[in-house]
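Reader: Please walk me through this structure one feature at a time, with the general idea before the case.

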Amino acid sequence: MVEGNYATTDIETIQVLYAQHIGIKIGTDLKRMQRFYNQPTDEMINEYEKEIITLLRGNYLQRVEYGFKTKNNRWSLAIKYEARQSGVMIRDDDPGSIPIGADINKCMFNSFLVYNKRWSGLELDCQRKKVYAEAGVSFERWLGDKPGGLWKETKGYSARGRGILRSDLMV
């Protein structure tokens, strides 16, 4: 019995460390975006980092996009992260290399997230809200239309055979 408890604790610790490793790299990308474009704010970056770490830890993330959206629901500048699960090895690049010089006039910073099938398996809305409450995230996600854009894979962030593929919007 005791050995089983240690195994569970080790697995949970690995999951947390993996999620934090990836989440910090995404937060660094967002911080660099802030440096060049004055958005997102430090508070938003902190919230997005907590959300990503929690969703990765629970294996609920399919993909998330962050960037500047026009009134026509098109990205002017954006980065996208797509989760890759066990067994899919991804390189572990350094964060950064945010495209600079994009015209974001009349654009609003935005985020678009897609959950995976495991999230759909949470039967009750209260179970989903609990995930966000435990993460300490102050915002809620709602249904919306996916912003358009063409993407180019640029980086990979990984830990323990799991990771995120990053793509940049092609302008």
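Reader: Which element gives the most to the lining of the largest pocket?

Author: Rolling a probe the size of a water molecule over the atoms shows where empty space is left. In the search used here, on a 1 Å grid over the protein atoms alone, a cavity is a set of points where a 1.4 Å probe fits but cannot get out, while a pocket is an open set with protein on both sides within 12 Å along at least five of seven lines; lining residues have an atom within 4 Å of a point. In this case S3 gives the most, with 7 residues. Elements are DSSP runs numbered from the N terminus: helices are H or I with at least four residues, strands are E with at least two.

Reader: Before we go on, what should I know about the model and its numbering?

Author: This is a predicted model, where local features need pLDDT of at least 70 and side-chain atom pairs count only at pLDDT 80 or more, though totals for chains, interfaces and linings use all residues. Residues are numbered from 1 along each chain as its sequence is written, and side-chain values use heavy atoms, with hydrogens and water left out.

Reader: Back to the largest pocket: how much space lies in it?

Author: A volume is the space filled by probe spheres set on the grid points, which are joined across faces, edges and corners. Here that comes to about 810 Å³. The lining has 25 residues, and Tyr115, Glu140, Arg141, Trp142 and Leu143 are the closest to the centre. Two or more lining residues come from each of helix H2 (42–57), strand S3 (108–115) and helix H4 (125–135). By type, the lining divides into 15 nonpolar, 3 polar and 7 charged residues; Ala, Val, Leu, Ile, Met, Phe, Trp, Tyr, Cys and Pro count as nonpolar, Asp, Glu, Lys and Arg as charged, and the others, Gly among them, as polar.

Reader: Which way do S1 and S2 run, and how many bridges join them?

Author: Two strands pair if DSSP finds at least two bridges between them. Strand S1 (residues 61–69) runs antiparallel to S2, with 7 bridges.

Reader: Are the residues of S1 and S2 mostly covered or uncovered?

Author: Burial is read from relative accessible area: under 20% is buried, over 50% exposed, and in between partly exposed (1.4 Å probe, protein chains only). In S2, 8 of 10 residues are buried, and in S1, 7 of 9. Across the chain of 171 residues, 43% count as buried.

Reader: How many aromatic pairs does a search of the whole structure find?

Author: Rings of Phe, Tyr and Trp (its six-membered ring) pair if their centres lie within 6.5 Å; planes under 30 degrees apart are stacked, over 60 edge-to-face, and the rest tilted. There are 11 pairs here. Take tyrosine 81 and tyrosine 157: the ring centres are 6.4 Å apart and the planes lie at 35 degrees, so the pair is tilted. Tyrosine 81 is in strand S2 (residues 75–84) and tyrosine 157 in strand S4 (residues 151–159), so the pair ties together parts 76 residues apart in sequence. Tyrosine 81 is buried at 0% relative accessible area, and tyrosine 157 is buried at 0% as well. Both belong to one aromatic cluster that also includes Tyr66 and Tyr115.

Reader: How many disulfides are there?

Author: A disulfide is a covalent bond between the sulfur atoms of two cysteines. The search, which asks for a pair of cysteine sulfur atoms within 2.5 Å, finds 0. Cysteine 107 is buried, at 17% relative accessible area, whereas cysteine 126 is exposed, at 52%.
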